[in-house]
Amino acid sequence: MSGHLSGRAALVTGASRGIGRAIAVDLARHGADVAIVGRDLAALEETATEARAARDGARVLVIVADVADSAAVDAFVAQTQGEFGRIDIAVANAGQAVDGLIMRAKPADIDRMLDVNLKSAFFLCKAVAKPMMKQRIGSIVLVSSIVGVAGNAGQAAYAASKAGLLGLAKSVAKELGSRNVRVNAVAPGLIETAMTESMPEQARAHYLATIPLGRAGNPDDVSGVVTFLCSDAARYVTGQTIVVDGGFLM
């Protein structure tokens, strides 16, 4: 399927590392030009290097921005359009987790998770809606979590923010569908990233014992699903949540 996204322009937030980096690299590998957004310039440059190595001629635009700032989102969407001439794919992957029981939750932590995990995706959908509707083609993918589907003790704010993405995807899919703009969500399970490295060993062992496939996932397990959703192979798929968890939630 190499090259099946040729001629398309993509934008990926939270692309500095982990799942976001894997998504950006895979989209580039399959033919897309990619704008990558994050707060860590050095890490974004590493992503850009991998994306360019994945396909000769891949154009990669590096953008340092705060995705929780609506004006910044409008600006980098416009910058992407200016650089590539269009925007066909938008992936909202930026995420942050601060765990803790709800009794001890700090308002600042709650606000930051809602800002980064949920509001940033809302701003991105809003910013790309007009150009995609005008083109009469587009694919938006929101990266949620199985915690947003099933909840998890000690992660109330994180779960609420990730659950919000599922409702956002369905609502925007209904608003934009008549213009051939598709919106879907992906809900990863336990994926080996920097964010999950700090997970207590007991919790990790519990997860692994409950996963039918018997292993944690890796970022490429998620990026392949996102690339599928952005491709014509998924042209009749919208408003869906694809769970990528090795069977954990079965």
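Reader: What does the accessible surface of the chain come to?
Author: About 11500 Å². Carbon and sulfur atoms hold 54% of that surface. The areas come from the Shrake-Rupley method with a 1.4 Å probe, and for residues only the protein chains shown count as cover.

Reader: What kind of model is it, and how are residues numbered?
Author: This is a predicted model, where local features need pLDDT of at least 70, side-chain atom pairs count only at pLDDT 80 or more, and totals for chains, interfaces and linings use all residues. Residues are numbered from 1 along each chain as its sequence is written, and side-chain values use heavy atoms, with hydrogens and water left out.

Reader: How many helices and strands are in the chain?
Author: The chain has 8 helices and 7 strands. Both are DSSP runs numbered from the N terminus: helices are H or I with at least four residues, strands are E with at least two.

Reader: Why call the chain as compact as a globular protein of that length?
Author: Its radius of gyration is 17 Å, close to the 18 Å from the globule rule for 250 residues, so the chain is as compact as a globular protein of that length. The radius is taken over C-alpha atoms, and the rule is 2.2 Å times the number of residues to the power 0.38.

Reader: What box do the C-alpha atoms fill?
Author: Roughly 50 × 35 × 35 Å, along the principal axes.

Reader: And how much of the chain is buried?
Author: Buried residues are 50% of the 250. Buried means under 20% relative accessible area, exposed over 50%, partly exposed in between (1.4 Å probe, protein chains only).

Reader: What share of contacts joins residues at least 24 apart?
Author: 72%, counting contacts between residues at least 6 apart in sequence. A contact means heavy atoms within 4.5 Å.

Reader: New topic. How many disulfides does the structure hold?
Author: It holds 0. A disulfide here is a pair of cysteine sulfur atoms within 2.5 Å. For Cys125, the nearest cysteine sulfur is that of Cys230, 12 Å away.

Reader: Are those two cysteines buried or exposed?
Author: Cys125 is buried, at 3% relative accessible area. Cys230 is buried too, also at 3%.

Reader: Where is Ser144?
Author: Ser144 sits in the loop between β5 (138-143) and α5 (146-150). Ser144 is buried, with a relative accessible area of 4%.

Reader: What is Ser144 in contact with?
Author: Leaving aside neighbours within four places in sequence, Ser144 contacts Lys162, Leu165, Leu166, Val186, Ala187 and Pro188.

Reader: What about Asn180's phi?
Author: Asn180 also has a positive phi, about 65°. Asn180 is in the loop between α6 (156-176) and β6 (181-188). At 40% relative accessible area, Asn180 is partly exposed.

Reader: Last one. Where does Arg17 lie?
Author: Arg17 is in the loop between β1 (9-13) and α1 (18-29). Arg17 is partly exposed, at 42% relative accessibility.

Reader: What does Arg17 touch beyond its sequence neighbours?
Author: Past neighbours within four places in sequence, Arg17 contacts Asp40, Ala43, Thr47 and Ala194. The C-alpha atoms of Arg17 and Ala94 are separated by 10 Å, with the two residues 77 apart along the chain.
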